[in-house]
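Hi everyone, thanks for coming.

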Amino acid sequence: SRGLTGFQVEKILNRNYNIEIELSDLENILAFITIGTPKEAVEILIRALEDISRKRHGKISTITPPPPP
């Protein structure tokens, strides 16, 4: 197994972190982040994904968002 499916990650984010994902499939999740999304909401999503990675693999796969234009 290569890891979690997008469906599994969506379920974990929803159940454990109260985060809604717009769309998922076998290999991806899609979260809508717009100009109106608060920075804190993006940071919560990033921390949740890092936490899932840490729990699954014992380490964090670092996620660094790009700087604003």
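Let's start with Arg54, which counts as partly exposed because its relative accessibility is 38%. For those labels, buried means under 20% relative accessible area, exposed means over 50%, and partly exposed is in between, with a 1.4 Å probe and protein chains only.

Before I go on, a word on where this comes from. This is a predicted model, so local features need pLDDT of at least 70 and side-chain atom pairs count only at pLDDT 80 or more, while totals for chains, interfaces and linings use all residues. Residues are numbered from 1 along each chain as its sequence is written, and side-chain values use heavy atoms, with hydrogens and water left out.

Back to Arg54. Which side chain does Arg54 meet in a salt bridge? The partner is Asp51, at 3.2 Å from N to O. By salt bridge I mean a side-chain nitrogen of Lys or Arg within 4 Å of a carboxyl oxygen of Asp or Glu. Both residues lie in helix 2, 3 residues apart, about one turn of the helix. Helices here are DSSP runs of H or I with at least four residues, strands are runs of E with at least two, and both are numbered from the N terminus.

Asp51 counts as buried at 15% relative accessibility, whereas Lys55 is exposed at 63%.

How many salt bridges turn up in a search of the whole structure? The search finds 3. One of them joins Glu43 to Lys39, with the closest N and O atoms 3.8 Å apart. Glu43 and Lys39 are separated by about one helical turn, because they are 4 residues apart in helix 2. Glu43 is partly exposed at 31%, and Lys39 is exposed at 60%. As a general point, an α-helix has 3.6 residues a turn, so residues three or four places apart point the same way.

Now, helix 2 itself. Its 19 residues should span 27 Å at 1.5 Å a residue, and its end C-alpha atoms are 27 Å apart, which agrees. The expected span is 1.5 Å times one less than the number of residues. Following helix 2 comes Gly58, with a positive phi near 80°.

What do the buried residues of helix 2 pack against? They pack against helix 1, where contact means heavy atoms within 4.5 Å. Those buried residues include Val42, Ile46 and Ser53.

The largest nonpolar core has 7 residues: Val9, Leu13, Ile19, Ile21, Leu45, Ala48 and Ile52. Such a core is a set of buried Ala, Val, Leu, Ile, Met, Phe, Trp, Tyr and Cys residues joined through side-chain atoms within 4.5 Å. Helix 1 (6-17) and helix 2 (39-57) each supply at least two residues of this core, and the largest share, 3 residues, comes from helix 2. Ala48 touches Leu13, Tyr17 and Ile19, leaving aside residues up to four places away in sequence.

Thanks, everyone. I'm happy to take questions.
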